[in-house]
Amino acid sequence: MKIEPCPSILAHWTRTYVPHREYFFLKKDNLSRVSSHLTKTIVMDRKSFFSHPSYTQIGLTSALETWQLSNEVDTVIIAEPNWLEQMCEIKRKWIIKLQICYNRGLIIPAHYFPEQRVETSYLSGSKVAVQSRMWYTLPLDQRKSILRQYAQDWDTWITEPSSTYLPRHIEKTVNHFPATSGPNCLSATLYAITAIEWHKNEWLHEEPFQTALAINHYKQHLHNEIKPTDVLIWNNEEGAIIHASYCVSHQLFFNKNGQTLFHPWKLVSLSSLEKLWGQHYVVYRKENL
């Protein structure tokens with residue numbers, strides 16, 4: 001079954017997904033080429049940037065995809081939206097190419113954009129490095145079209161239909177997209193367990209998730225047969241949790257594949273989970289008290 005974001009959610013994405021300030025990731029050695037343009041910017045080293053509360057908000061880090069940023073980057077420039085336009089085209093193209101090379105987020109395939117709507121400064125090969133000013137000068141319908149296409153690069157818009165009863169809180173959430181980034185697989189799983197509305201909108205990490213499982217009387221089940229209300233957990237080689245999902249019926253799971261606003265809450269099959277996350281998982285089951 002095909003799903004898609006509702007018009008109000010898609011419109012909200014167009015207004016909020018791209019930050020209203022500019023963030024450029026560089027090596028310190030690169031600064032000399034733009035030294036005359038730095039007076040109205042903030043320049044920070046990488047460590048300071050990633051420890052600053054203003055720049056570690058989940059919406060910003062998800063848009064910039066900071067988890068995949070090149071280790072070569074050691075410096076960040078924070079600037080107003082018109083900063084890049086104040087430079088010559090050669091410098092603009094050089095900075096944009098660096099953002100793509102350093103694996104910054106907000107890099108979108110060029111063919112998602114209407115022809116002749118993107119200045120060549122923002123293009124590098126077949127990719128566009130999206131910047132605030134260029135994004136918000138695009139007409140709303142074009143921004144919607146771009147994000148509709150780009151969102152499907154993150155997660156498929158196909159969901160499994162349910163022929164069985166779903167708990168009310170899951171039924172009203174499934175097949176919907178979040179308005180903002182943050183909600184992840186762990187918060188979705190906890191929400192399925194507790195039915196507490198605000199749980200689904202949290203960015204939850206491993207330690208509180210494991211504590212929540214224990215509080216709700218979930219323990220590791222030694223056998224791999226799965227039944228409704230079980231929780232499946234995938235771990236990496238170091239033992240850290242990389243994914244979790246909640247069983248709603250035989251071989252059907254309430255699931256969210258990531259923390260971005262492009263990842264919907266949806267129903268998926270066990271086979272699709274195994275294809276994406278692997279066949280080695282641990283089953284947690286609620287104890288009968």
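**Figure 1. Overview of the chain.** Buried means a relative accessible area under 20%, exposed means over 50%, and partly exposed lies in between (1.4 Å probe, protein chains only). The model shown is predicted: local features need pLDDT of at least 70, side-chain atom pairs count only at pLDDT 80 or more, and totals for chains, interfaces and linings use all residues. Residues are numbered from 1 along each chain as its sequence is written, and side-chain values use heavy atoms, with hydrogens and water left out. The chain has 289 residues, of which 49% count as buried. Its secondary structure consists of 10 helices and 12 strands, taken as DSSP runs numbered from the N terminus (H or I of at least four residues for helices, E of at least two for strands). The C-alpha trace spans about 70 × 40 × 30 Å along its principal axes.

Figure 2. Helix H1 comprises residues 7–16, and its residues Ile9, Leu10, Ala11, Trp13 and Thr14 are buried. The cover over the buried residues of H1 includes helix H5 (132–136) and helix H6 (140–154). The axes of H1 and H6 come within 9 Å of each other and cross at roughly 100°. Such axes are lines fitted to C-alpha atoms, for helices over the stretch in contact, with angles from 0 to 180 degrees between N-to-C directions. H1 is therefore roughly perpendicular to H6; angles of 65 to 115 degrees fall in that class, those under 35 count as roughly parallel, those over 145 as roughly antiparallel, and the rest as oblique. From H1, the contact is made by Leu10, Ala11, Trp13 and Thr14, and from H6 by Leu140, Arg143, Lys144, Leu147, Arg148 and Ala151.

Figure 3. Pro139 is placed in the loop between H5 and H6. Because its relative accessible area is 30%, Pro139 is partly exposed. Pro139 and Glu238 are 99 residues apart in sequence, and their C-alpha atoms are 46 Å apart in space.

**Figure 4. Pro109 and its contacts.** Strand E4 runs over residues 107–109 and contains Pro109. When neighbours within four places in sequence are left aside, Pro109 is in contact with Ser126, Tyr150 and Asp153. Ile226 lies 117 residues from Pro109 along the chain, and the C-alpha atoms of this pair are separated by 40 Å.

**Figure 5. The packing of helices H8 and H9.** Helix H8 covers residues 185–194 and helix H9 covers residues 206–215; the two pack at an angle of about 20°, with their axes 10 Å apart. H8 is therefore roughly parallel to H9. On the H8 side, Leu186, Thr189, Leu190 and Ile193 take part, and they meet Glu206, Phe209, Ala212 and Leu213 of H9. The loop between H8 and H9 holds Ala195. Although Ala195 is not a glycine, its phi is positive, at about 65°. Ala195 is partly exposed because its relative accessible area is 37%.

**Figure 6. Glu65, a second residue with positive phi.** Glu65 lies in the loop between helix H3 (58–64) and E3. Its phi is near 50°, a positive value in a residue other than glycine. Glu65 counts as buried because its relative accessibility is 7%.

**Figure 7. Cysteine residues.** A disulfide is a pair of cysteine sulfur atoms within 2.5 Å, and by this rule the count is zero disulfides. Cys185 is in no disulfide: the nearest cysteine sulfur belongs to Cys247 and is 16 Å away. Because Cys185 has 9% relative accessibility, it counts as buried. Cys6 has 36% relative accessibility and so counts as partly exposed. Cys88 is found in the loop between strand E3 (75–79) and helix H4 (89–101). The relative accessible area of Cys88 is 41%, which means that this residue is partly exposed. From Cys88 to Phe177 the separation is 89 residues in sequence and 40 Å in space, C-alpha to C-alpha.

Technical notes: Contact = heavy atoms within 4.5 Å.
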